[in-house]
Amino acid sequence: MPDLSVEQFQTLSQQIYQKLGLHFDDKKIYFLKTRVARRMAALGIEDPREYIFMVSYADPQGLEMQALANLVTTNETYMFREYDQLQAFANHCLPEVLSAKQARGERTLRIWSAGCSSGEEPYTLAMILQEVFPQAQSWDCRITATDIDENMLRKVVAARYGCRSVNEVPDRYREKYLIEDGDEYVVRRRSAALVHTLHLNLHDRMAMRAMRGFDFIFCRNVLIYFDDDSRKAVVDHFYNALNPGGYIFLGHSESVGRVTTAFQLKRFENHLVYRKE
Amino acid sequence: MSSLQEYVEKLACADEAERTFAAEDIGYLNAPEGVPALLRRLGEEESRAVRDAIFQALIRIDANAAIEGSIRLLASDDPRIRNHAVNVLRRKAVRAIPFLNAVMRDGDKDLRKLVLDILRGVPAGGVEAIYEAALGDKDPNVVITAVENLGLLRAREFRGRIEELLQAGSHPMQVAACVEALVGMGDPSSFGMIRRRFPNLAVLPDFLLAAFLKAMAVWGTAEDFNEVAALLPLRGPHLRSAILGALFAIRARCPSAAANTGALLAALRRIVEDGDPPLCRYQAVRILAFLAAEDDVYAFLVACLSSPERLVRLAAAESLRAAGRPGLEPLLAARANEETDEEVLQALSC
């Protein structure tokens, strides 16, 4: 395996951050080194300096950066993925937004899971919402799950998941919100009823403009597959789709601040979150 | 009413989203006549989201008007506006070059520096005249930025010019930038020249030593190894990572580099055990791979497999594998039974 020096690791992480908005801290040196080694082997490059130069200055279409992105990110989706981020949502952001709404006499809550894939994220949010806010049943709460792939949306509607999808669901939640059915789990009707599917292409400018009035938007580990311009355009649409005081969540290593300066950065314990002022 | 007129009027809407959409629509219309309205709006717009959308529109409008407008914005007092304008012009690349040439000729030192910021990462083809002018600029910041850009781009056609600047330069930051640029360009003949300019590492100030160590990492020979190693106990912790990086690179390239093992082991042990940043400790343990033929080094690496710091354990697993002494597999397998970190397990078993 070609040895990526610490300096090269830092240079490459900086490039990945600038181009993909993904942050790799020092702890990730081995992880990144092993992925870079795979790309270098595939390209027949022996010197890490050559590889870093290529992704930095000789990759005008961003193809190699995208190939690296595919290796350093995971397509796997499962319930309660990126638990720490969900804790920030459950413990801080959601109570804050709900209190503000109660003070204004509002009883609606809108959450958008953008690029929801097979639905593990919107159902996770449904479980958290019911847990943190039992009154959700008497409010007009709606979680809109959108994806470009209609096959995925059919899976969301089926609300039926294998063991890999529910592995990280805390036992208490599993008993309360899922029903075991053979070697699968089905989301209980009360949680499933909160989730509504919608076919949506995030690149469709006019369709995106119609998405308004959300209190939370989750679009985790989706935008890393977009080029810079598209990512910026989508995040701008998210900004317009949010109510003032609403929050946006990208993947925990993705940076909103790099894409747009429009959001306000807030810190809850160890979590950085982005809020529309 | 034409679409453009409609969108221009909507730029003044009270609703922030409508203004954003209007700016976006003008961009997609790719109408140069929309540029003055966008720039006017920019002057009074308070929403960052709308300002972002206006700049995106300027990127989309493929016309000189967008370039000229963005060049005027380079003189803004607001650094955010200047940064956005730099980004727009960088995206215009080739088309903006004649306009950037004019700024380089007529602009003040801040504008000349911004021209080079725009060109950062843009291949030097077609902008040679700008770089020629920048390398002879009277403002050191302009020269330094040009040198940095050329190094990043490995623009070897400017190597001779940068070597001249290194020889003659007295501005410390410029000298350091020249060394780093030459390292980036990667011509081994530059090393001799850098060496002659700085014959004695021990007396180099820290900022120059950091640049010099990059040259050592790329070109240093077996004979240089001990000279670099001797810096470890003498220089502050802020240079440790650069020194360790150079040592690792020299030894990986020149296996014959003979180390004063006792002194080096002591210095590296101190780094591993004295709470240096985890990445430095990782580097120190990785260097020990080259000395692992010595029993005390090997024993220390084995002990590192139980370190509470995961990067130390990772480095120890990698170093022991690289050393490849007999009886290693059972040792690593036994350690793997106690390890819980996935990546360390991977390093132990690969």
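Reader: Before we start, what are the ground rules for numbering and confidence here?
Author: Residues are numbered from 1 along each chain as its sequence is written, and chains are lettered from A in the order in which they are written. Since this is a predicted model, local features need pLDDT of at least 70 and side-chain atom pairs count only at pLDDT 80 or more, while totals for chains, interfaces and linings use all residues.

Reader: OK, how many helices and strands does chain B have?
Author: Chain B has 22 helices and zero strands, where helices (H or I, at least four residues) and strands (E, at least two) are DSSP runs numbered from the N terminus.

Reader: And what is the radius of gyration of chain B?
Author: For chain B it is 27 Å, whereas a compact globule of 350 residues would come near 20 Å; the radius is taken over C-alpha atoms, and the globule rule is 2.2 Å times the number of residues to the power 0.38. Along the principal axes, the C-alpha atoms of chain B fill a box of roughly 85 × 55 × 30 Å.

Reader: Switching to packing, how do H8(B) and H10(B) sit against each other?
Author: The axes of helix H8 (residues 109–119) and helix H10 (residues 140–152) of chain B come within 9 Å and cross at roughly 10°, with axes being lines fitted to C-alpha atoms, for helices over the stretch in contact, and angles running from 0 to 180 degrees between N-to-C directions. H8(B) and H10(B) are therefore roughly parallel to each other (angles under 35 degrees count as such).

Reader: Which residues make that contact?
Author: Among them are Lys109(B), Arg112(B) and Leu116(B) of H8(B), and Val142(B), Thr145(B) and Asn149(B) of H10(B), a contact being two residues whose C-beta atoms, placed from the backbone, lie within 7 Å.

Reader: Now the two chains: how many residues does each give to the contact?
Author: Chain A gives 19 residues and chain B gives 26 residues. On the side of chain A that touches chain B, helices H1 (6–20), H2 (29–43), H3 (48–57) and H12 (228–241) each supply at least two residues, and the largest share, four residues, comes from H12(A).

Reader: Last one, how is chain A divided?
Author: Chain A is divided into domain 1 (6–72) and domain 2 (83–275), with bounds from an automatic or database domain assignment. Their centres, taken over C-alpha atoms, are separated by 30 Å, and six residues of domain 1 of chain A are in contact with eight residues of domain 2 of chain A.

Key: Parallel < 35°, antiparallel > 145°, perpendicular 65-115°, else oblique.
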